[in-house]
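Please walk through the structure shown here, from its aromatic rings to a helix pair and a loop residue.

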Amino acid sequence: MFWKVLSIENTKIYRRKLFWVELALMALMVLFLQIAIDATVKTSINGTAMTAEDRLEINEVITWPGALVNVLNFAGGNALGGLLFVVLVGAITAQEYNWRTLHLWLSRGIPRPVLGAAKFTALLLPALLIVLMALVTGAIITGIISIRIDGSLHLDQVNLVQLLFSVARTTYTLLPYGALTFLLAVASRSTVVAISVGLSYALLLESALMQLLGLLGETLRSVTQYMPAALANNLLVLNQATDRLASSLQSSSIGPMIAMLGIAAWTLLFLGLSLLILLYLDLTA
């Protein structure tokens, strides 16, 4: 029963224009960002606005393999990828109430927990595709830039196995934001509420809360490292391993394993609350 519902939910997602618009938007934003950085470097070369050291550092960001790491970070949960995923989850989940497709599923005897779990699981592949779109687009444009600047893609410096792991890690960081939006959509039954609150949290509330806690003492400051954004940053540090020549990974306040467990905990918490609310939700109202 679960797999049948999952298959149908996946099909519904890929038939929505919103999903394809978001993929196109991700591609355009990555393209624009890389072209803008490249244009900045070329402008500085013709002027005196940037030192040679600064140009070298930026070149590492827009040429392979460093560019691949940079693009994936751009698609992370605490960046554009997270924002796009929030919009997708909020729209897909909340609209089910207005279209009464949720009522149709339940009238056919599908248990509410099974339905809720299948709906969230169906969002995992779109999350992966959002990240892959960023990587593919970024790889193409930065590949062209790399050949123009260095005359080579430096494929010998790219760790392909780590690149695959980096894609998985980046997708993983989207989950807490998607689960929170899923919770908001189930609880409010409103697309506007789910998306607006989800985006507000990702863009403003989380960073404001982290700054506030940081001002209230060392104990509360230490709590901020377990917020979704901080956990994502600590996990995405491992993406640097895509570059074989990376001297060392940047230090992080907590280990990658703790970051992974923390992201899982937030995701399961929000998803569990969603299923609990769905279990007792009065759909006749």
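**Rings, helices and a loop**

With a relative accessibility of 23%, tyrosine 14 counts as partly exposed, because buried requires a value under 20% and exposed one over 50%. The model is predicted. Phenylalanine 19, at a relative accessible area of 1%, is buried.

A pair of aromatic rings is described by the distance of the centres and the angle of the planes. There are six aromatic pairs in the structure. One of them joins tyrosine 14 and phenylalanine 19, with 5.5 Å from centre to centre and 55° between the planes, which makes the pair tilted. Ring pairs also bring in Trp20, so that Tyr14, Phe19 and Trp20 form a cluster.

Next come two packed helices. Helix H5 covers residues 80-99 and helix H11 covers residues 191-215; they pack at an angle of about 160°, and their axes lie 8 Å apart. Angles over 145 degrees count as roughly antiparallel, and H5 and H11 are therefore roughly antiparallel to each other. The crossing of H5 past H11 is right-handed. On the H5 side the contact is made by Leu83, Val86, Val87, Gly90, Ala91, Ala94 and Gln95, and on the H11 side by Thr191, Ala194, Ile195, Gly198, Leu199, Ala202 and Leu203. Of the residues in this contact, ten are nonpolar, four are polar and none is charged.

The last stop is a loop. Threonine 242 sits between helix H13 (228-236) and helix H14 (256-280). Is threonine 242 buried or exposed? Its relative accessibility is 0%, so threonine 242 counts as buried. Leaving aside residues up to four places away in sequence, threonine 242 touches Val69, Gln157, Val158, Asn159, Gln162, Leu163 and Ser166.

Methods. Residues are numbered from 1 along each chain as its sequence is written. This is a predicted model: local features need pLDDT of at least 70, side-chain atom pairs count only at pLDDT 80 or more; totals for chains, interfaces and linings use all residues. Side-chain values use heavy atoms; hydrogens and water are left out. Axes are lines fitted to C-alpha atoms, for helices over the stretch in contact, and angles run from 0 to 180 degrees between N-to-C directions. Helices (H or I, at least four residues) and strands (E, at least two) are DSSP runs, numbered from the N terminus. Angles under 35 degrees count as roughly parallel, over 145 as roughly antiparallel, 65 to 115 as roughly perpendicular and the rest as oblique. A crossing is left-handed if the near helix is turned anticlockwise from the far one by less than a right angle, and right-handed if clockwise. Contact means heavy atoms within 4.5 Å. Ala, Val, Leu, Ile, Met, Phe, Trp, Tyr, Cys and Pro count as nonpolar, Asp, Glu, Lys and Arg as charged, and the others, Gly among them, as polar. Buried means under 20% relative accessible area, exposed over 50%, partly exposed in between (1.4 Å probe, protein chains only). Rings of Phe, Tyr and Trp (its six-membered ring) pair if their centres lie within 6.5 Å; planes under 30 degrees apart count as stacked, over 60 as edge-to-face and the rest as tilted.
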